[in-house]
Amino acid sequence: MRGISSFERGVMESAADAPMLAQTEKWAGVNSGSRNLPGLAAMAAKLADAFSGLPGAISLVDPDPVETVRPDGRLDLLAHGSHLRLSVRPEAPVQILLTGHMDTVFPVDHAFQALRWVDPATLNGPGVADMKGGLAVMLAALHAVETAPGAERLGYDVIVNSDEEVGSPSSAALLRQVAAGKLAAFTYEPALPDGTLAGARAGSGNFAIIVTGKSAHAGRNPQDGRNALLAAADLALRLKAGSGNGFSCNPARIEGGSPNNVVPDHAVLHVNFRPRTPTDERAADDLLKDAMAQVAREHDVTLHRHGGFGRPPKPMDAQAETLFGFVRQCGADLGLSIAWRDTGGVCDGNNIAACGVPVVDTMGVRGGNIHSDCEYLIVDSLAERAQLSALTLLRIAEGRFTKGMKA
């Protein structure tokens, strides 16, 4: 560890000695899929117990109400789990935000439920990388920093939400509220297997387009009908054809239809956009509006749009580059090579950056094959990434990052 003082070395040793592997195994043993409310409640209780060892006020925050479009076009409320919040030293001169999520993509009836050692260095299991290992890294780093003189200069909020894997609809407002005024933020999504971080991220918008036509007999008088399914398919084709220049579009599914002898009067098109910049987001929104108007006119149907761009694009601006450079220098002092690259994936880092707060959102473990039953954690990265976080937090508390911003 070149460039590491003896004082910092003690903090690094404390971070590496935390029981992160045992915590990851215990937490990954709880199915906490985004829609598994009992599992999320169990996971929230375990995390509240683990994070209660830190100073400050800990609470479980109720989720905001979230509407969803049912297959029949009705709007309904969709339940979500509670979110964990820890607030430490809100009066301290340096204030940062650390975030993670307790949910996984694996529902309660998914076959992928058990942990398995691929080899002595690699653990396979649901959420081991995304992101229960990352939560263990965050906790270890914070405990280590709390042992250091000068920790009283650092105030921080921790948010662990229950709905990140479904777009954070019930926690987005909480994230915006807590991010306000923070100097910097870290999110504990997994890094790539070689340690590369996510830099700029595309945004994401999810929409459900409700199409209402007119039913008629498919044999006697089909000309009197207005085919909602056909209109939804036409809209999907128009949206796909209009994408590709600054944003992608994925028409994901069409719900609705009717018996074969009835012209269908109802359909719902679900579609996702991935704009690279705010300008691209506006262009995608314009495409959707224009295509809906054309389809409504040409098919003589009614269309209703539900949803929005829940993840704003996250460009690499000057503030973000300064924070990434700061993390890279801390990594270099630990003997780690830290690089980053742009990605089309999205996370809570998008929403935090939209608040004007620089964020590095892949401070978690090294691993791969996330969102599949081949998901794995590189076990040595637990200590490695905990040390990287602890050193970065320690130096932020000392004011080094603020000096870098002024420079």
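Two strands count as paired if DSSP finds at least two bridges between them, and helices (H or I, at least four residues) and strands (E, at least two) are DSSP runs, numbered from the N terminus. The model looked at here is a predicted one, where local features need pLDDT of at least 70, side-chain atom pairs count only at pLDDT 80 or more, and totals for chains, interfaces and linings use all residues. Residues are numbered from 1 along each chain as its sequence is written, and side-chain values use heavy atoms, with hydrogens and water left out.

Strand S8 (residues 154-161) runs antiparallel to S4, and 5 bridges join the two. S4 also runs antiparallel to strand S1 (residues 57-61), again with 5 bridges. Leucine 84 takes part in both pairings: its bridge partner is leucine 60 on one side and valine 160, in S8, on the other.

Now to the helices. Helix H8 covers residues 318-333, 16 residues in total, and spans 23 Å from its first C-alpha to its last. That is close to the 22 Å expected at 1.5 Å a residue, where the expected span is 1.5 Å times one less than the number of residues. At the start of H8, a side-chain oxygen of aspartate 317 comes to within 3.3 Å of the backbone nitrogen of glutamine 319. After the helix comes glycine 335, with a positive phi near 85 degrees. The buried residues of H8 include Phe326, Val327 and Cys330.

Those three names turn up again around threonine 392, which sits in helix H10 (residues 381-397). Leaving aside residues up to four places away in sequence, threonine 392 touches Phe186, Phe326, Val327 and Cys330, a contact being heavy atoms within 4.5 Å. Threonine 392 counts as buried because its relative accessibility is 0%.

What about the cysteines? A disulfide is a covalent bond between the sulfur atoms of two cysteines, taken here as a pair of cysteine sulfur atoms within 2.5 Å. The structure holds 0 disulfides. Cysteine 347, for one, is in none, and the nearest cysteine sulfur, that of cysteine 355, lies 13 Å away. Cysteine 347 is buried, at a relative accessible area of 1%, whereas cysteine 374 is partly exposed, at 44%.

Key. Buried < 20%, exposed > 50% of the residue type's maximum accessible area, 1.4 Å probe, protein only. Polar contact = N/O pair within 3.5 Å; in protein donor to acceptor, adjacent residues only side chain to side chain.
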